[in-house]
Amino acid sequence: MIQLLKNLQWSLNTTRKVDFLAPLLLRAYLIPVFWVAANNKWNPFNPESSLQSTIDWFANPDWGLGLPFPELMAYMAWGAEYFGAILLLLGLAVRWVSIPLMITMLVAAFSVHWKNGWQAI
């Protein structure tokens, strides 16, 4: 019985060598999701792109979301997604950048995707 437990412990210890794979794959999946979402709001490398359409959509209660402080929220959502994707790619401050990304995704889930579907852009 003790030998069986030792073998089990040894096999569990050997799996620790690949503990980094799950978080790495999750980051690799989320990087393009946040990058595309940020660039749909505003692409700073495109002079014709503007955050104004996102601000208008956040503000308008008739055909948009009717959110309070739409300019602030648009810049915060864009910044969280844009810089969050970059930091996730570099692996820097991943836990810290996950907090604003979680908040952004919760607001998006409840204000947009819940009533318009999960594929709504």
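How many nonpolar, polar and charged residues are in the lining of the largest pocket? To get there, let's start with the whole chain.

This is a predicted model, in which local features need pLDDT of at least 70, side-chain atom pairs count only at pLDDT 80 or more, and totals for chains, interfaces and linings use all residues. Residues are numbered from 1 along each chain as its sequence is written, and side-chain values use heavy atoms, leaving out hydrogens and water.

The chain has five helices and zero strands (DSSP runs numbered from the N terminus: helices are H or I with at least four residues, strands E with at least two). Its C-alpha atoms fill a box of roughly 70 × 30 × 20 Å along the principal axes.

Now for the largest pocket, which holds about 1,200 Å³ of space. A pocket here is an open set of points on a 1 Å grid over the protein atoms alone, where a 1.4 Å probe fits, with protein on both sides within 12 Å along at least five of seven lines; lining residues have an atom within 4 Å of a point. The volume is the space filled by probe spheres set on the points, which are joined across faces, edges and corners.

Helices α2 (21–41), α3 (52–59), α4 (70–90) and α5 (94–116) each give two or more residues to this lining, and α5 gives the most, with 14. And the opening question? The lining has 30 nonpolar, eight polar and three charged residues, where Ala, Val, Leu, Ile, Met, Phe, Trp, Tyr, Cys and Pro count as nonpolar, Asp, Glu, Lys and Arg as charged, and the others, Gly among them, as polar.
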